[in-house]
Amino acid sequence: MRYWNSRLQKMSAYIPGEQPDKINEYIKLNTNENPFSPSEVVLNAIKSACNEQLRLYPNVTSQSLRESFAKLNNIEVDNIFVGNGSDEIFTLIFRGFIDPDGSAAFPYPSYSLYYTMAEANGIKYDRINLTDEMDVDFTRFLEKQYNLVIVGNPNNPTGKGCDEDEIRIFLDQFNGLLVVDEAYVDFYGETVIELVEDYDNLIVTRSFSKSYSLAGLRIGLAVANRDIIKGLFKLKDSYNVDRLAEVGARAALLDIKGFEYNIRLVLDNKEYLEENLEELGFDIIPSKANFLFVKHPEMPSKDIFELLKEKKILVRYFDGSIQSDYIRITVGTMLELKALIKELTSILEA
């Protein structure tokens with residue numbers, strides 16, 4: 001740590017969900033990955049792209065992916081930026097769209113990487129508690145003159161979404177930059193991308209990690225007004241998205257049949273998980289994502305987390321006020337969920 005600067009020394013490290021070495025020995029329900037494989041269409045597209053063209057740099061703007069996304073969503077190509085996952089996009093936003101003396105605000109609990117990135121870039125920030133119903137109270141983000149606000153829609157780890165009318169009302173009053181993180185929006189389809197046409201202070205981000213089963217490719221999108229997109233291109237690394245990632249993401253985007261089939265499987269399994277957790281007495285936060293945020297009135301969530309881990313079933317437990325009362329469970333395959341319910345039943349009976 002001798003050569004760390006003061007900012008690096010003070011910042012809190014982001015702690016991702018556990019990725020065990022012998023992953024095949026575990027039921028992994030802790031990182032919100034899609035339990036189902038990318039479609040054959042997508043896998044074949046990636047395999048076909050493994051050719052002599054890999055000696056060349058990829059397209060500097062991921063143009064083919066931007067064009068496909070623009071056509072499917074009825075927006076202009078110039079309103080789209082492609083990044084190395086949504087995480088890169090957040091990094092660029094902190095780097096180029098808020099001054100060092102500015103301030104940001106994020107809901108709490110929410111995706112903790114927002115807090116880490118603010119600290120990494122020396123940005124002061126406030127954490128605004130969710131309501132008792134785990135909703136975002138947008139009026140509280142107007143109590144100070146924040147330069148940047150990021151909200152998840154749906155929010156992680158709660159799974160609750162934000163109402164489009166509330167976002168519109170907030171944008172009518174907010175003078176800073178609002179980022180709506182739609183990493184999980186595909187599961188219920190309640191996007192606010194169309195608001196970009198009306199508000200020049202809105203950025204909507206998307207991910208291919210969850211609904212498209214492509215977490216390993218690291219692909220994210222940002223939709224915003226042209227000036228913001230130009231700024232993101234100016235900030236990014238020269239070749240931030242590799243050739244295989246662009247090909248795979250574009251194939252996934254165009255494989256609408258495979259996408260809809262995948263989503264239907266996840267939602268069917270989510271319904272099964274909800275019903276069985278309710279029978280076991282769990283309190284469940286209504287979720288519009290591929291995970292559930294739950295607690296049991298008769299047993300601490302940390303104990304449940306640790307006992308499941310002993311059985312090699314990984315769910316997510318977070319330290320901290322509010323969220324430490326809960327565990328977050330990713331929707332897995334039916335076999336995985338049945339094994340989970342069996343172990344939870346044994347734990348609670350014991």
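## Stop one: along a helix

Start by selecting Glu274 and Lys270: both are in helix 9, four residues apart, which is about one turn of the helix. Helices here are DSSP runs (H or I, at least four residues), strands are E runs of at least two, and both are numbered from the N terminus. Before going on, note that this is a predicted model, where local features need pLDDT of at least 70, side-chain atom pairs count only at pLDDT 80 or more, and totals for chains, interfaces and linings use all residues. Residues are numbered from 1 along each chain as its sequence is written, and side-chain values use heavy atoms, with hydrogens and water left out.

Glu274 and Lys270 form a salt bridge, with the closest N and O atoms 3.1 Å apart. The term covers a side-chain nitrogen of Lys or Arg within 4 Å of a carboxyl oxygen of Asp or Glu. Lys270 is buried, at a relative accessible area of 3%. For the labels on this tour, buried is under 20% relative accessible area, exposed is over 50%, and partly exposed is in between (1.4 Å probe, protein chains only).

How many salt bridges does the count come to? Twelve. Go to Arg168 and Glu164, where the closest N and O atoms are 3.7 Å apart. Both sit in helix 6 (residues 164-173), and because they are four residues apart, about one helical turn separates them. Arg168 is partly exposed at 27%, and Glu164 is partly exposed at 28%.

Now select Lys144 and Asp126, a salt bridge at 3.0 Å, N to O. This pair links distant parts of the chain, 18 residues apart: Lys144 is in the loop between strand 4 and strand 5 (148-152), and Asp126 is in strand 4. Lys144 is partly exposed at 48%, and Asp126 is partly exposed at 22%.

## Stop three: the rings

Switch to aromatic side chains; the structure holds 17 aromatic pairs. Rings of Phe, Tyr and Trp (its six-membered ring) pair if their centres lie within 6.5 Å; planes under 30 degrees apart are stacked, over 60 edge-to-face, and the rest tilted.

Pick Phe106 and Tyr125: their centres are 5.6 Å apart and their planes are at 45 degrees, so this pair is tilted. Phe106 is in strand 3 (residues 103-108) and Tyr125 in strand 4 (residues 124-129), so the pair ties together parts 19 residues apart in sequence. Is Phe106 buried or exposed? Phe106 counts as buried, at 0%, whereas Tyr125 is partly exposed at 23%.

Hop over to Tyr212 and Phe259, with centres 4.7 Å apart and planes at 25 degrees, so this pair is stacked. Tyr212 lies in the loop between strand 7 (202-207) and strand 8 (220-223), and Phe259 in helix 9 (residues 256-279), so parts 47 residues apart in sequence are tied together. Tyr212 is buried at 13%, and Phe259 is buried at 18%.

To see an aromatic cluster, select Phe90, Phe94, Phe106, Tyr111, Tyr114, Tyr115 and Tyr125 together.

## Last stop: charges over rings

To qualify, NZ of Lys or CZ of Arg must be within 6 Å of the ring centre and within 35 degrees of the ring normal. Finish with Lys312, which lies over the face of Tyr26 at 5.5 Å from the ring centre.
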